[in-house]
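Open the model in your viewer and keep the selection panel at hand. This tour goes stop by stop.

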Amino acid sequence: MAVLALLWGSTFLWIELALRGLSPLQVTFARCVLGALVLTVACRATGRRMPRGAVVWRRILIAAFFCNALPFALFSLGQQTVGSGLAGVLKATTPLWSAALGLALGAERGLRPARLAGLLLGFAGTVVILAPWQSAGAVGWGALAILGAAAGYAVAFTYTGRTLAGRGTPTISLSAAQLVAASTLTAVAMPFGGLEAIDPGPGVLTAAVVLGVLCTAVTFHLTYRIINDEGATNAAVVGYLLPVVSVLLGAVVLGEHLSLRVVLGMAVVLVGAGMTRRNGAVSASAAPAGEGAVESASTAADGRAVRRAALGDTR
């Protein structure tokens, strides 16, 4: 989880650098294709095969839209006007969207007062960050796009936990297939903003490669591993650490400035997100991490645990 937080938190920095020579859709396409290439090679090298069956691939396509194609594009679009540090802060609302989704789906029956207060507090912190009462605040289509990406991740974690994770398919196969599907979805959208002239300087190319290989292929595979081994709720918990990484990198590398209001709003978001997970980060299995543990997670009991975690049911 520490490696995942470091890599995932740095994503916003690399997006910022890649956008200096590529359009948002080009950044999305590059990271999907590079990530798919790396994971497909890794899948072959480990003797794994791509998933088979129309039903599985239909589920993978849906997961790829909400977990990859849509949020990747929204992050790149949003960071045209939002700094990398603030983008990481807004991404930290994913656990809050996950809890709200659990309420909407009826998985959060008998919601504890502490978790309800955390949900309300987290959204209040988001409002403080966006500052809709200020014309010069962070509110705007860029910040809203990043919030949409965070919500997309919550939908994706829930859907993946219910339909794909813990069903006996190796995580390397699932993650490779999902990025292949995401690449296909993004390729279809390329005529609508991805055919612009590019400025492929060394910094831009480096950022694109790091985004695709480390911040997409590696992080996506690690996320699937955590969903399989510990449940979707614990995977979403990584979001708590992203603002720290993104804010530090944005300040140190890009010289970004964050106002006191945004820092306070970030603190409120993190406290609220933590309260929504109080009394219950569910662990799907106590088995050690590894492909063997992933395959063993396909038992009925573990499958139910993963699905409960994905829905935010922490009882």
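Leaving aside its neighbours within four places in sequence, which residues is L211 in contact with? Select L211 and look around its side chain. The list is T11, W14, I15, A18, V27, R31 and T216. Bear in mind as you go that this is a predicted model.

**Stop 1: L211**

Colour residues 202-230. This is helix α9, and L211 sits in it. Is L211 buried or exposed? The relative accessible area of L211 is 1%. The cut-off for buried is under 20%, so L211 counts as buried.

L211 and V27 lie 184 residues apart in sequence. In space, their C-alpha atoms are 8.7 Å apart.

**Stop 2: helix α2**

Select residues 24-45, which form helix α2. V27 is among the buried residues of α2, and V27 is also one of the contacts of L211.

Next, check the length. From first C-alpha to last, the 22 residues of α2 reach 32 Å. That is close to the 32 Å expected at 1.5 Å a residue. Then step past the end of the helix to G47, which follows α2. The phi of G47 is positive, near 80 degrees.

**Stop 3: α3 against α7**

Select residues 54-78 for helix α3, and residues 141-163 for helix α7. How far apart are the axes of α3 and α7? They are 8 Å apart, and the two helices pack at an angle of about 160 degrees. Angles over 145 degrees count as roughly antiparallel, so that is how α3 and α7 run to each other. The crossing of α3 past α7 is left-handed. By class, their contact has 17 nonpolar, six polar and one charged residues.

**Stop 4: α5 against α7**

α5 passes α7 in a right-handed crossing.

Show the side chains of this contact. From α5, pick T94, W97, S98 and L101. From α7, pick L147, A150, A151, Y153, A154, V155 and T158. Colour them by class: eight are nonpolar, three are polar and none is charged.

Key
Residues are numbered from 1 along each chain as its sequence is written. This is a predicted model: local features need pLDDT of at least 70, side-chain atom pairs count only at pLDDT 80 or more; totals for chains, interfaces and linings use all residues. Side-chain values use heavy atoms; hydrogens and water are left out. Axes are lines fitted to C-alpha atoms, for helices over the stretch in contact, and angles run from 0 to 180 degrees between N-to-C directions. Helices (H or I, at least four residues) and strands (E, at least two) are DSSP runs, numbered from the N terminus. A crossing is left-handed if the near helix is turned anticlockwise from the far one by less than a right angle, and right-handed if clockwise. Contact means heavy atoms within 4.5 Å. Ala, Val, Leu, Ile, Met, Phe, Trp, Tyr, Cys and Pro count as nonpolar, Asp, Glu, Lys and Arg as charged, and the others, Gly among them, as polar. Buried means under 20% relative accessible area, exposed over 50%, partly exposed in between (1.4 Å probe, protein chains only). The expected span of a helix is 1.5 Å times one less than its number of residues. Angles under 35 degrees count as roughly parallel, over 145 as roughly antiparallel, 65 to 115 as roughly perpendicular and the rest as oblique.
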